[in-house]
Amino acid sequence: MSSQNPVLEELTSQEYQHGFVTDIASDSFPPGLDEGVIRKLSAIKGEPEWLLEWRLKAYRHWLTMKEPTWAMVHYPAIDYQKIVYYSAPKTQKDGPKSLADVDPELLATYEKLGVPLEERAILAGVAVDAVFDSVSVATTFREKLSEMGVIFCSFSEAVKSHPELVRKYLGSVVPQGDNFFAALNSAVFSDGSFCYIPKGVTCPMELSTYFRINQANTGQFERTLIIAAEGATVSYLEGCTAPKRDTNQLHAAVVELVALDDAKIKYSTVQNWYPGDREGKGGIYNFVTKRGKCAGKRSRISWTQVETGSAITWKYPSCVLLGDDSVGEFYSVALANSFQQADTGTKMIHIGKNTRSTIVSKGISAGHGQNTYRGQVWIQKGAEGARNHSQCDSLLLGAHCGAHTFPDIQVKNSTAQLEHEASTSKIGEDQLFYCRQRGLSNEDAVSMIVNGFARRVLKELPMEFAVEAQKLLGVSLEGSVG
Amino acid sequence: MNGERGTSEKKEMTMLQIENLHARIQDDGTEILKGIDLTIRAGEVHAIMGPNGSGKSTLAHVLSGRDGYEVTAGRVLYQGKDLLAMAPEIRAREGVFLSFQYPVEIPGVANTYFLRMSLNAVRKHRGLPEIDAMDFMELIEGKAKLLEMEDALMARSVNEGFSGGEKKRNEIFQMAVLDPKLAILDETDSGLDIDALRVVATGINALRSPERAMLVITHYQRLLNYIEPDVVHVLADGRIVKTGDRTLAHLLEEKGYGWIEAEGAAAGTTAAVAKG
């Protein structure tokens, strides 16, 4: 059967929908990185001495490190001296105040992205922290949340208003020297979101951060820290987009989650950074370290990610299952179309007794895309009665893409039970023809088959975003044929 | 139950007109259809029988627009329009339905969701408004009963883990909902036990109507005990070598396909002969 389909060619050239640039005056550092840049950054943010020292320690460590090469991703060497490490809209110099003070141009940008920052009744279910280049420009519903004791603000603000919490938890899950990109982030992170849910509180609305890269040659290095105290529950979502550019841009974020006894954190990502054009030119390099620590007994951390964007995705949202009876989950859909490369997966580190983890990974490859699942399940000596179930499925669309799976399982306790299932399939001519014979267009058929493939993961997303994610999957690769 | 018969009523609208159809496999150029002539009017049920490799399924595939075949001569008119010029989904929306010999599984897509998408594609093409989930459930209720489609089967992924009988019932159920003008049933009886065959045949018979034409492709005459065709054609080596009424099917059952081939060779003819 032939593997080429004209409809495929036409549809995989779908325009990236968030590729516009906001024309706004910015204050940016010149490109380059040294201790002076870090001191300047820290000074602009009015940071305490301990944080500057923390950054410098990270930077000095980073200088001794080498960029990792074990991932199945190929890209020309990144020149870290050519990156701009700080860029902020001029009007946002003093950080976010009330929504009324936010530059209308920025409000319009987020409106266009489908993330309105007004606290409208219709969006009452979601609070948003909007990060634009290097700074947070607005955080909605803060008052309403603070009534319940929930702290939700930009990272910079948290450093000022809740230094004790930041100091206690910053780097407690992802240490400064954890890996090359985490160390770089620790040295130069410019903003991000901070969230603290106090004891016994169930956060009354979805919290979310929307990341937008706007300025050219600027790297985005944000840091998110979420702490759920004893018995607290929170659902958090992040979204990301960037303009279309011929040059690559670096995004190196760190996310740390801490769940104390009986706390539950659900963290969902819909990642739609600019993926580059059809020839693989441009796009975001997405090197992200995400890790959650189930520090308390019976705590639960659940990662759900839909990765459709970025030229390169390098991320492994992980769970350290320290508390007895704690639970870690990872649900992932990763899509690599055109010349996108995705190397993603998770680590489940079982330390406490009766800890359980679930991994469901769905990789979709189209065009010349390369999709890699990389997962580690480690059962430590003391993890009596630990259990893991992993399922990794790959779907191939077309003859030039690839799917790769690297599971790593290490068991040091004989009472552990682990299961690993894997499958690779192609969207068949048979499936497509069947759908078309029932009247569906080629593109609707592909979208339906892919969404069916990813359903197990998509249903983990909060309702409001599941629909969005489904559409995104459809738009990102409609029309591919196996 | 059997609806109207229209064999002799020449005034009925011509649903499908196949003229001198030649088709070959794209990859290796093997010619499979070597000049098919066939006319089906609205309300008629035609059966095509023939030994393995005679071109029965190829005919179904070419009529429904499956990739992999090349039509080298002849033409096919469907309600007077050039069928071969239409994309497969356009044929479907225009009312051509193929009941698959091997229905395809689509994991993660609920049977009812799939069918509603399908129905809406057809409705949109016909200028009708899309139907919402509530109205859809109402619409399919009676049809589901007819084909003994239990609720559990409707909620499951399309054909995934269905038994052979369940798959074929699902095909005819889809046909009942989509209400096609021309139904091509490709080996619908294959892989069915006697009970499943009865349910499927009951469904098919209920769908016979003066407005609808059916082309029943089968290797065995067994199915034709349940679905009585108006006309029976025998296909051998890419040509229709014999046409008759349903007694022809019985004759075939009795004498086997070898009889046709022997007779064809003796007469040195490829033309249709008997007419009932």
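Guide: A crossing of two helices is left-handed if the near helix is turned anticlockwise from the far one by less than a right angle, and right-handed if clockwise. The model here is predicted: local features need pLDDT of at least 70, side-chain atom pairs count only at pLDDT 80 or more, and totals for chains, interfaces and linings use all residues. Residues are numbered from 1 along each chain as its sequence is written, while chains are lettered from A and ligands numbered from 1 in the order in which they are written.

Visitor: What is the hand of the crossing of H3(A) and H8(A)?

Guide: Helix H3 (residues 49–63) and helix H8 (residues 180–188) of chain A pack at an angle of about 145° with axes 7 Å apart. Axes are lines fitted to C-alpha atoms over the stretch in contact, and angles run from 0 to 180 degrees between N-to-C directions. The crossing of H3(A) and H8(A) is left-handed.

Visitor: How many nonpolar residues are in the contact of H3(A) with H8(A)?

Guide: From H3(A) come A:Arg55, A:Ala58, A:Tyr59, A:His61 and A:Trp62, and they meet A:Phe180, A:Ala183, A:Leu184, A:Ser186 and A:Ala187 of H8(A). Contact means C-beta atoms, placed from the backbone, within 7 Å. Ala, Val, Leu, Ile, Met, Phe, Trp, Tyr, Cys and Pro count as nonpolar, Asp, Glu, Lys and Arg as charged, and the others, Gly among them, as polar. The contact of H3(A) with H8(A) has 1 charged residue, 2 polar and, as nonpolar, 7.

Visitor: How many helices and strands has chain A?

Guide: Both are DSSP runs numbered from the N terminus: helices are H or I with at least four residues, and strands are E with at least two. Chain A has 11 helices and 23 strands.

Visitor: What share of the residues of chain A count as buried?

Guide: A residue is buried if 20 or more other C-beta atoms (placed from the backbone) lie within 10 Å of its own, exposed if 12 or fewer, and partly exposed in between. Among the 482 residues of chain A, the share that count as buried is 57%.

Visitor: What is the phi of A:Asp262?

Guide: A:Asp262 is in the loop between strands E11 (254–259) and E12 (264–271) of chain A, and A:Asp262 is buried because 21 other C-beta atoms lie within 10 Å. Most residues other than glycine have a negative phi. A:Asp262, not a glycine, has a positive phi near 60°.

Visitor: What is the phi of A:Ser338?

Guide: A:Ser338 is in the loop between strands E17 (327–336) and E18 (341–350) of chain A. A:Ser338 has 22 C-beta neighbours inside 10 Å, so it counts as buried. Though not a glycine, A:Ser338 has a positive phi of about 45°.

Visitor: How many charged residues are on the side of chain B that touches chain A?

Guide: The contact takes 19 residues from chain A and 21 residues from chain B. Helix H2 (88–93), strand E7 (106–110) and helix H3 (111–125) of chain B each give two or more residues to the side that touches chain A. The residues of that side of chain B are 11 nonpolar, 6 polar and, as charged, 4.

Visitor: What is the radius of gyration of chain B?

Guide: The C-alpha trace of chain B spans about 60 × 40 × 40 Å along its principal axes. The radius is taken over C-alpha atoms, and the globule rule is 2.2 Å times the number of residues to the power 0.38. For 276 residues the rule expects a value near 19 Å in a compact globule, and chain B agrees, with 19 Å.

Visitor: Is B:Gly203 buried or exposed?

Guide: B:Gly203 is in helix H7 (residues 194–206) of chain B. Beyond four places in sequence, B:Gly203 is in contact with B:Leu146, B:Leu147, B:Ile172 and B:Ala176. B:Gly203 has 22 C-beta neighbours inside 10 Å, so it counts as buried.

Visitor: How many of the 9 residues of helix H1 of chain B are buried?

Guide: Helix H1 (residues 56–64) of chain B is mostly covered. Its buried residues include B:Leu59, B:Val62 and B:Leu63. Of the 9 residues of H1(B), the number buried is 8.

Terms used:
Two residues are in contact if their C-beta atoms, placed from the backbone, lie within 7 Å.
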